[in-house]
Amino acid sequence: MLAPFVLTGITAASLSPQTEGYGLVPDAAIVVENGLIAWIGTQATLPAAFAALPKQDQNGRLVTPALIDCHTHIVHGSNRAREFEMRLNGASYEEIARAGGGIVSTVAATRSASEAELLQSALPRIDALIAQGVGTVEIKSGYGLDSETELKMLRVARALEQHRPIRVVTSFLGAHAVPAGTDADSYINDICIPTLTAAHAEGFVDAVDGFCEGIAFDTAQIARVFDAAQALGLPVKLHAEQLSHLGGTALAAKYNALSADHVEYATETDAKALAASGTIAVLLPGAFYTIHETQAPPVQAFRDHGVPMAVGTDWNPGSSPLGSLLLAMNMACTLFRLTPAEALAGTTRNAARALGLTDCGVIAPGMRADLAIWNVQDPAELSYGIGITPLHKRIFGGVT
């Protein structure tokens, strides 16, 4: 049993959905018992039952829920820095692909890496996120495109929780790309869906994802994967409308997906569908920036129709080598015109919803005591800074 304590001398951004903006509680106190939030309110109204608990004075610092990165691909082999350099020197996508680059290179490196090697390469990425106040991270498969490697990636993702104080949520992304030597339909039927069934049987899968795009899979192919997921009782999410409008967002809404991610080419009609289905729109400015996209997601339509927006890093070796969720928040504000309050909600409350989690993302009684204590006074500073990591301390499950 963890010893209870009280955080004092703080401003708390509760991110409560019942409040406006940050849900700020000035001169606050937070009671932590048995790894959970037991009480939050002003210090002057601390109940007598908690008055004798040890106090941890934070000298006026800001406390938020621990951040949640709801979209990453951080288990993979090697990197693609050389391709980055080639692009800057004028090489085309086709030239890079002919030289063995692109996703093919990551698939080859991931297939050849052992589980121990994948684990060792993923740990520094986890450490970077923890250093920025992240308490929960979603990790996708998708760089195997064969049964053995997809399962290997998911085993490594699960194992990370045994090596670091972080919560991992896994997504099976077998429908990420079509491997060489096969066609999309055969791959879905013969490899992707059987691998999903095997991964679920091993307890490796929390949700099922796909990439619905002209360079990957169409809506009918993704629908087959989603049908298989639903038969297994698994929730779905989707990379949708990133590079074109293929109907992925509408498909995600039809299946009551947890989230539709990227959504640059989503329409107002799509926004209405997401609102009706309760699906979260996950914005990924790192990919938008890296691949020089020009079509921004329809943020105002999402606001107008009440679609909650989350923000993630999309940390991956190709289109978004972004290891900072705080920078993703800044980019969501500067590139997509989110407000700092929307960006913080997008990496806490709404990110939790994008992962189907109901026990984190806000500071409220009964929630996990996953908290971030920051060397700032104004929560807007978290989105304002560029290349700044103002974390003072992270509390994970009540442990400081």
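**Strands, helices and a pocket**

Modeller: This is a predicted model. In it, strand S7 (residues 167-175) and strand S8 (residues 207-212) run parallel, joined by three bridges.

Biologist: Which residue in S8 does Phe172 stand opposite?

Modeller: Phe172 faces Val208 there.

Biologist: And which helix packs on the sheet, touching S7 and S8?

Modeller: Helix H6 (residues 184-201) does. Its direction makes about 160° with that of S7.

Biologist: What about helix H7?

Modeller: Helix H7 (residues 219-231) lies across S7, S8 and strand S9 (237-240). It runs at about 175° to S8.

Biologist: How many strands are in the open sheet, and in what order?

Modeller: Eight, with parallel pairing. The order is S5-S6-S7-S8-S9-S10-S11-S12.

Biologist: Which strands stand at the edges?

Modeller: Strand S5 (67-69) and strand S12 (309-311). Each has a single partner strand, so one side of each has no neighbour in the sheet.

Biologist: New topic. How much space lies in the second largest pocket?

Modeller: About 440 Å³. Its lining has 23 residues. Phe84, Arg87, Thr290, Gly318 and Pro321 lie nearest the centre.

Biologist: Which helix gives the most to that lining?

Modeller: H1, with five residues. The lining divides into eleven nonpolar, eight polar and four charged residues.

Biologist: Last one. Is Ile363 buried or exposed?

Modeller: Buried, because its relative accessible area is 3%, under the 20% cut-off. Ile363 sits in the loop between helix H14 (349-354) and strand S13 (371-374).

Biologist: What does Ile363 touch?

Modeller: Its contacts include Ala13, Ile30, Val63 and Pro65. Pro65 is 298 residues apart from Ile363 along the chain, yet their C-alpha atoms are separated by 5.9 Å.

How values were computed:
Residues are numbered from 1 along each chain as its sequence is written. This is a predicted model: local features need pLDDT of at least 70, side-chain atom pairs count only at pLDDT 80 or more; totals for chains, interfaces and linings use all residues. Side-chain values use heavy atoms; hydrogens and water are left out. Helices (H or I, at least four residues) and strands (E, at least two) are DSSP runs, numbered from the N terminus. Buried means under 20% relative accessible area, exposed over 50%, partly exposed in between (1.4 Å probe, protein chains only). Contact means heavy atoms within 4.5 Å. On a 1 Å grid over the protein atoms alone, a cavity is a set of points where a 1.4 Å probe fits but cannot get out, and a pocket is an open set with protein on both sides within 12 Å along at least five of seven lines; lining residues have an atom within 4 Å of a point. Grid points are joined across faces, edges and corners, and a volume is the space filled by probe spheres set on the points. Ala, Val, Leu, Ile, Met, Phe, Trp, Tyr, Cys and Pro count as nonpolar, Asp, Glu, Lys and Arg as charged, and the others, Gly among them, as polar. Two strands pair if DSSP finds at least two bridges between them. Axes are lines fitted to C-alpha atoms, for helices over the stretch in contact, and angles run from 0 to 180 degrees between N-to-C directions. Lists of a residue's contacts leave out its neighbours within four places in sequence.
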